[in-house]
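Take a look at the model first.

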Amino acid sequence: MNLTYKRAEIEDIDMLTETRIEVLRAANKLSDDIDMNQVEKQTYDYYQKALCDGTHIAYLIFDGNCFAGAGGVSFFQVMPTYHNPSGKKAYIMNMYTRPGYRRKGIAYKTLDMLINAAKCKGITSISLEATAMGRPLYEKYGFVKMNDEMELPE
């Protein structure tokens, strides 16, 4: 393997968008016949804004010219709290490693790069949503399950 970790730039928007759709299909077990056109357009628009204003950082991982994986982190602001006086937060997302590249440390290194990017911005409140497959990686890194967070379903 000859791995390269490339910080995504605006020129990578098409690949980022394609990768996001691949991640969503895999994570949600969606077949190729499910229409993702609206999600794809919104994803493209998101990257177009967030890559330029610095509210998102993404890495694309290649083995030579072959895509091997990706990961991203979004930055946002909430009201300050006792445990997070700045109110700055980071959310890890779009972590994906293609099947042939799994269990080789790619996701761990990508996660580490994203967390370091957040810490360089002074952000210490970092969260994510884990699939069953990803949970051991995040636990190994030090993430813990949250007990108090809730969500209102659609």
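Q: What should I know about the model before I start?
A: This is a predicted model: local features need pLDDT of at least 70, side-chain atom pairs count only at pLDDT 80 or more, and totals for chains, interfaces and linings use all residues. Residues are numbered from 1 along each chain as its sequence is written, and side-chain values use heavy atoms, leaving out hydrogens and water.

Q: What is a salt bridge, and how many are there?
A: A side-chain nitrogen of Lys or Arg lies within 4 Å of a carboxyl oxygen of Asp or Glu. The count here is four.

Q: Which residue does Glu22 pair with?
A: Arg98. Their closest N and O atoms are 2.9 Å apart.

Q: Where do Glu22 and Arg98 sit in the chain?
A: Helices (H or I, at least four residues) and strands (E, at least two) are DSSP runs, numbered from the N terminus. Glu22 is in helix α1 (residues 13-28). Arg98 is in the loop between β4 (88-97) and α3 (106-120). The two are 76 residues apart, so the pair links distant parts of the chain.

Q: Which residues pair in helix α2?
A: Lys41 bridges to Asp45, with N and O 2.8 Å apart at the closest. They are four residues apart in helix α2 (residues 37-53), so about one helical turn separates them. Lys49 meets Asp53 at 2.6 Å, N to O. This pair is also four residues apart in α2, about one helical turn.

Q: Is Lys49 buried or exposed?
A: Buried means under 20% relative accessible area, exposed over 50%, partly exposed in between (1.4 Å probe, protein chains only). Lys49 has 56%, so it is exposed.
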